[in-house]
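Hi,

Here is the model I promised to pass on.

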Amino acid sequence: MKLIIAIVQDQDVPSLVDDLTENDFRVTKLASTGGFLKSGNTTLLLGVEEDQVDEVIKIIETNCKTREITTSLLTVSMPGDTYVPYPLEVRVGGATIFILDVERFVKI
Amino acid sequence: MKLIIAIVQDQDVPSLVDDLTENDFRVTKLASTGGFLKSGNTTLLLGVEEDQVDEVIKIIETNCKTREITTSLLTVSMPGDTYVPYPLEVRVGGATIFILDVERFVKI
Amino acid sequence: MKLIIAIVQDQDVPSLVDDLTENDFRVTKLASTGGFLKSGNTTLLLGVEEDQVDEVIKIIETNCKTREITTSLLTVSMPGDTYVPYPLEVRVGGATIFILDVERFVKI
Ligand code: NI
Ligand code: NI
Ligand code: NI
């Protein structure tokens, strides 16, 4: 058995966990911050059989691939206190995945 | 040395941590959600010697074994806006335990 | 590759994460409680190359070494409802570090 520790962006968690659950994978979510990914992130734990590791990585890839999105969150203040939304390209997504060997697995 | 990662239900944590502490095991608690267990859960980390693994598993088993409890949390609404508590059998408890090998352990 | 799981005291996290980031290490922080260290603690995850493990341990040691500090948090109540701050020596710091082997590492 293998333990997959995946650090993903918060915004990708709902669709990712949906897809994993649909494929009968059980996920435990830990709230995490900083580090590997700049914005808010979540650390996921999954215990899977060795021959399922690639399937899980593929599901993570599909849901968390790095992409550029155009956001208008940035606003620019203009004279007369007018705020103008300014289109901004940001990279979102990404995942950091560690696969560890599990010596023993117990289900109670 | 071994690292035990145990995912247990929130309600079983106080008695479990009590028993582990009484037996001189140190536990680190991480708040977690979803996945292996349906209700709120906690992920515990314990670093133990190889010959203590079975003792820890036994303590987890004692405190987290799956059992059916009768709850009256479900209420059924009756005509005239009367709410009647309805006995409901639910399964609680359970634990998912991963034992990993620790290559090196440092205490500062 | 190695996964370093370090449990450190909350108060040591800002300077520790600063030093790790300055040395190009990426850290993921998980909020944790109890266990290895008495006060509030944080569990850090770092994925590093085998030849970087000692450098990381040294940085943790520098920022988290156990030391005695004198605090006046303890107040002693005197007759007439006067509270007198009482100097108290407490041990702070410390870290518990697990180094695990990573079988496979994937960056998306
Ligand atoms: Ni295995
Ligand atoms: Ni060992
Ligand atoms: Ni390696």
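Below is what I found, starting with the conventions and one chain, then moving to the contacts between chains.

This is a predicted model, so to speak of local features I need pLDDT of at least 70, side-chain atom pairs count only at pLDDT 80 or more, and totals for chains, interfaces and linings use all residues. Residues are numbered from 1 along each chain as its sequence is written, chains are lettered from A and ligands numbered from 1 in the order in which they are written, and side-chain values use heavy atoms, with hydrogens and water left out.

**Chain A by itself**

Chain A has two helices and nine strands; helices (H or I, at least four residues) and strands (E, at least two) are DSSP runs, numbered from the N terminus. Along the sequence the pattern reads β-α-β-β-α-β-β-β-β-β-β. Of its 108 residues, 44% count as buried (under 20% relative accessible area; exposed is over 50% and partly exposed is in between, with a 1.4 Å probe and protein chains only). As for contacts (heavy atoms within 4.5 Å), residues 24 or more positions apart make up 67% of those in chain A with a separation of 6 or more.

**Where chain C meets chain A**

Here 20 residues of chain C touch 28 residues of chain A. The buried area is about 1900 Å², with carbon and sulfur atoms giving 60% of it; that is the accessible area (1.4 Å probe) that two parts lose on being put together, summed over both. In chain C, the residues that lose the most area to chain A are C:Glu103, C:Arg104 and C:Ile108, together 35% of what that side buries.

The interface also has seven residue pairs in polar contact, both residues at pLDDT 80 or more. A polar contact is a pair of N or O atoms within 3.5 Å; within protein, one must be able to donate a hydrogen and the other to accept it, and residues adjacent in sequence count only if both atoms are side-chain atoms. On the chain C side, the elements giving two or more residues are strand 2 (28-33), strand 3 (41-48), strand 8 (95-101) and strand 9 (104-107). That side divides into twelve nonpolar, two polar and six charged residues (Ala, Val, Leu, Ile, Met, Phe, Trp, Tyr, Cys and Pro count as nonpolar, Asp, Glu, Lys and Arg as charged, and the others, Gly among them, as polar).

Strand 2 (residues 28-33) of chain A pairs with strand 2 of chain C in the antiparallel sense over two bridges; two strands pair if DSSP finds at least two bridges between them. In this pairing A:Thr33 stands opposite C:Lys29.

**Salt bridges**

Over all chains there are 14 salt bridges, each a side-chain nitrogen of Lys or Arg within 4 Å of a carboxyl oxygen of Asp or Glu. Two of them cross the interface of chain C and chain A.

- C:Glu103 meets A:Lys2 at 2.9 Å, N to O. C:Glu103 lies in the loop between strand 8 and strand 9 of chain C and A:Lys2 in strand 1 (residues 2-9) of chain A, so the pair joins two chains. C:Glu103 is partly exposed at 43% relative accessible area, whereas A:Lys2 is buried at 5%.
- A:Asp54 meets C:Arg104 at 3.0 Å, N to O. The pair runs from helix 2 (residues 53-64) of chain A to strand 9 of chain C. A:Asp54 is partly exposed at 48%, and C:Arg104 is partly exposed at 34%.

Between chains C and B, C:Asp54 and B:Arg104 form a salt bridge (3.0 Å, N to O), from helix 2 (residues 53-64) of chain C to strand 9 (residues 104-107) of chain B. Salt bridges that share partners also join A:Glu103, B:Lys2, B:Glu50 and B:Asp101 into one network.

**Strand 8 of chain B**

How many residues of strand 8 (residues 95-101) of chain B are buried? Six of its seven are. Strand 9 (residues 104-107) of chain A pairs with strand 8 of chain B in the antiparallel sense over four bridges, with A:Val106 opposite B:Ile97. Strand 1 (residues 2-9) of chain B also pairs with strand 8 of chain B, antiparallel over seven bridges, and there B:Ile7 stands opposite B:Thr96.

Cheers
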